[in-house]
Amino acid sequence: MNSLTSNSLQAIGLAALLAAPFVIANDYLLHIAIMMLLWGLIYTGWAIMGRFGLVSLGHGALVGIGAYGTTMLWNHAGITPWIGIPVAVAVAVAVGLAIGFPCFRFRITGHYFALVTLALAEVTRLMIVAMRDWTGGSLGVTPNSVLSPDNPVSLYALQFSSRHVWFYIILACWVVGLIIWRAVDRSMIRYGLEAASEQEDAAASLGVRVTRIKLIVTAISAAICSFGGALYGQYQLYINPETVSGIAISLQIVFAAIAGGMFVKLGPTVGAIITLLLAETLRTTVGHDVHGLDVMVYGIMLVLFIIYMPRGVVGTLAALFDSRRDAFDAPTRNKAKKRPAGSARTPA
Amino acid sequence: MTEILTDPFLWETIIQGLLFGGVLALLSLGLNLIFGVIDVVWICYAELVMVGMYAIWWLYVPNGVPLPVAMLTGILTVALLGVILHFVVIRPILHTEPINQLLVTGGVLFFLQGAATLVFSVEFRTLGVFMGSVEVGNMMFPWTRILAFLTSLVAVAALWLFLKKTYIGTAIRAISQDREVMPLMGVSPSRIYLTTSALGGGLAGLGACLLALLYDIHPAIGLSFGPLVFLICVLGGLGNLFGGFVAAFIFAEFIALGGYYTEVEWGYVMAFFFFIVMMFIRPQGLFSRAR
């Protein structure tokens with residue numbers, strides 16, 4: 001695919017998205033579209049580091065910090081989300097770096113990294129529950145609303161009653177997320193990290209500053225995911241510890257990104273579309289009486305994806321259409337039949 | 001200082017913590033075998049325990065099967081499930097990075113949770129077995145917890161002897177060191193994985209027996225103790241049965257004392273923080289030997 005057709009395809013896609021709210025008259029469908037873009041943004045943020053073998057199960061913590069940080073500052077200190085969101089994002093980036101630095105320094109990688117970050121996700125969820133006087137505990141919390149029938153828009157509180165407004169806001173953020181992805185994809189960071197995920201010592205000996213570039217992608221990823229969490233709180237006007245933090249949401253992020261394809265730009269978004277469509281279809285067809293079926297189907301799909309399609313839907317399609325893909329595009333997760341080099345964790 | 005030492009409630013909390021540690025130690029035992037010794041990650045381990053609990057409940061409460069028979073069947077069910085898990089889900093990707101095994105069993109986690117919700121609904125189920133308590137001074141200790149504590153002591157000793165003294169135990173320890181060379185030494189890897197998966201599953205089933213006596217059963221119960229059990233195995237030093245045992249008690253005391261001084265959640269928070277800090281101080285685990 002040459003760059004001209006690629007650019008025109010992108011332009012057509014964006015135009016279609018911009019026109020979407022005028023075509024989708026249905027409020028429910030528009031809500032689903034918003035959720036797809038919002039989770040697409042969060043999954044993209046995760047995949048920015050996940051694609052380099054930094055499989056974090058702690059991103060639930062970052063989404064939670066974004067959502068709760070913004071809401072707590074608004075509810076208890078009256079600080080506008082325009083300041084609250086940057087503060088919450090900064091806190092999430094700091095937390096990400098504080099966990100990331102020792103992990104990268106001591107070469108905690110692979111499934112050990114996943115388990116350390118899993119502990120972070122649980123700590124965050126439990127802290128939100130434990131601070132129930134402020135956060136409302138497991139019942140969740142609602143950002144104090146300033147909206148009323150006379151006042152459907154508040155720029156100061158970043159609250160809008162119109163779904164159309166939200167659609168465009170989140171669409172813009174999602175596009176920025178993809179632009180960041182592309183910037184990382186075209187930078188030297190990508191090559192350094194792909195080298196490091198294969199053979200960290202060899203990469204370091206060639207002058208790749210492994211810890212430093214890992215921290216850079218961690219910071220970018222933490223910023224996007226916590227920002228997504230903050231937007232989620234502002235849009236839904238309700239958050240609770242289970243839906244924005246903890247192990248369940250962390251696994252949801254990882255799996256959606258894998259299902260869509262975490263090595264390609266649109267993969268995580270397609271993952272969001274697939275998982276939301278699946279959940280909504282099962283919910284509307286099977287109905288509310290049969291609980292658990294959607295989770296079951298979801299689980300089976302994940303098993304099949306990881307065994308038979310580790311590149312995800314978009315990754316597999318792209319590989320089929322684009323045979324020119326070189327070795328750089330077949331990164332760590334596809335090292336099938338290859339022995340893991342040395343022990344997964346090299347103690348310092 | 002003396003007031004602290006003579007505070008009977010504090011002592012009761014500490015001993016309750018010890019007994020809770022016994023439960024955690026028993027739960028982490030099977031995982032330590034699978035995750036620690038053969039280095040395969042079953043992130044759905046706690047969900048296997050949940051399946052065992054439901055099996056015992058289903059046999060005992062609606063069907064009236066005697067409790068010991070129900071428990072034995074529960075253990076066998078989970079052992080079988082462990083074997084199925086290994087040969088259907090993990091084997092196709094056994095030779096890829098361990099993170100893939102973690103993720104694929106994550107799919108199984110959702111599947112089992114969904115299946116439990118579908119079959120048994122989200123209602124809390126209870127065995128309704130009360131074994132009474134022991135009274136020491138003014139302190140009450142339920143028999144079920146003492147039983148869990150003693151069972152975990154016996155089980156950890158038995159597993160240690162099995163791994164050190166038997167031929168198949170030695171083979172299990174050897175396969176974790178080199179998956180490719182083992183077949184050349186005349187040991188069939190699939191037989192080893194069959195034995196280990198069945199044994200790991202069986203230990204999960206044993207954990208289920210005691211957990212079913214102590215707690216109500218619901219589809220999300222796995223998520224409440226799953227992460228804890230994983231961190232205990234890592235903290236104790238993978239494959240180190242003694243380390244995992246001690247780590248279980250450290251975690252339990254954090255949670256018990258946290259609950260005593262503030263709230264239970266803060267106990268968990270402190271335990272998890274302790275884990276994160278320890279990972280950076282001793283990434284090989286508290287009591288690791290050079291591997």
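Here are legends for a set of close-up views of a two-chain predicted model. Local features are described where pLDDT is at least 70, side-chain atom pairs count at pLDDT 80 or more, and totals for chains, interfaces and linings use all residues. Residues are numbered from 1 along each chain as its sequence is written, with chains lettered from A in the order in which they are written.

**View 1. Chain A on its own.**
Of the 348 residues, 48% count as buried. Here, buried means 20 or more other C-beta atoms within 10 Å of the residue's own, exposed means 12 or fewer, and partly exposed is in between, with C-beta atoms placed from the backbone.

**View 2. Chain B on its own.**
Chain B has 11 helices and two strands, and its pattern along the sequence reads α-α-α-α-α-β-β-α-α-α-α-α-α. Its C-alpha atoms fill a box of roughly 65 × 50 × 35 Å along the principal axes. With 291 residues, a compact globule would come out near 19 Å in radius of gyration, and chain B agrees at 19 Å. Buried residues make up 51% of this chain. Among contacts in chain B between residues at least 6 apart in sequence, 75% join residues at least 24 apart; a contact means that the C-beta atoms of two residues, placed from the backbone, lie within 7 Å.

**View 3. Where chain A meets chain B.**
Chain A puts 45 residues into the contact and chain B puts in 43. On the chain A side, the elements giving two or more residues are α5 (110-130), α12 (247-260) and α14 (293-308). Helix α5(A) gives the most, with 14 residues. Sorted by class, the chain A side has 36 nonpolar, five polar and four charged residues. For the sorting, Ala, Val, Leu, Ile, Met, Phe, Trp, Tyr, Cys and Pro are nonpolar, Asp, Glu, Lys and Arg are charged, and the others, Gly among them, are polar.

Val303(A) sits in helix α14 of chain A. Which residues does Val303(A) contact, leaving aside its neighbours within four places in sequence? They are Val89(B), Val104(B), Gly107(B) and Val108(B). Val303(A) counts as buried because 20 other C-beta atoms lie within 10 Å.

**View 4. Leu276(A) in helix α13.**
Leu276(A) belongs to α13 (residues 267-286) of chain A. Beyond its neighbours within four places in sequence, Leu276(A) contacts Ile32(A), Met35(A), Met36(A) and Trp39(A). Leu276(A) is partly exposed, having 17 C-beta neighbours inside 10 Å.

Strands β1 (residues 133-136) and β2 (residues 139-142) of chain B run antiparallel and are joined by four bridges; strands pair if DSSP finds at least two bridges between them. Glu135(B) has Met140(B) as its bridge partner in β2(B). Two residues lie between the strands, and Gly137(B) takes a positive phi near 60°.

**View 5. Helices α6(B) and α7(B).**
Helix α6 (residues 143-165) and helix α7 (residues 167-177) of chain B pack at about 85°, with axes 5 Å apart. The axes are lines fitted to C-alpha atoms over the stretch in contact, and angles run from 0 to 180 degrees between N-to-C directions. The two helices are therefore roughly perpendicular, the label for 65 to 115 degrees; under 35 is roughly parallel, over 145 roughly antiparallel and the rest oblique. Phe162(B), Leu163(B), Lys164(B) and Lys165(B) in α6(B) meet Gly169(B), Ile172(B) and Arg173(B) in α7(B).

**View 6. Positive phi in two loops.**
Most residues other than glycine have a negative phi. Arg107(A), in the loop between α4 (81-105) and α5 of chain A, has a positive phi near 60°. Ser121(B), in the loop between α5 (98-120) and β1 of chain B, also has a phi near 60°. Ser121(B) is partly exposed, with 13 C-beta neighbours inside 10 Å.

How values were computed
Rg over C-alpha atoms; globule rule 2.2 N^0.38 Å.
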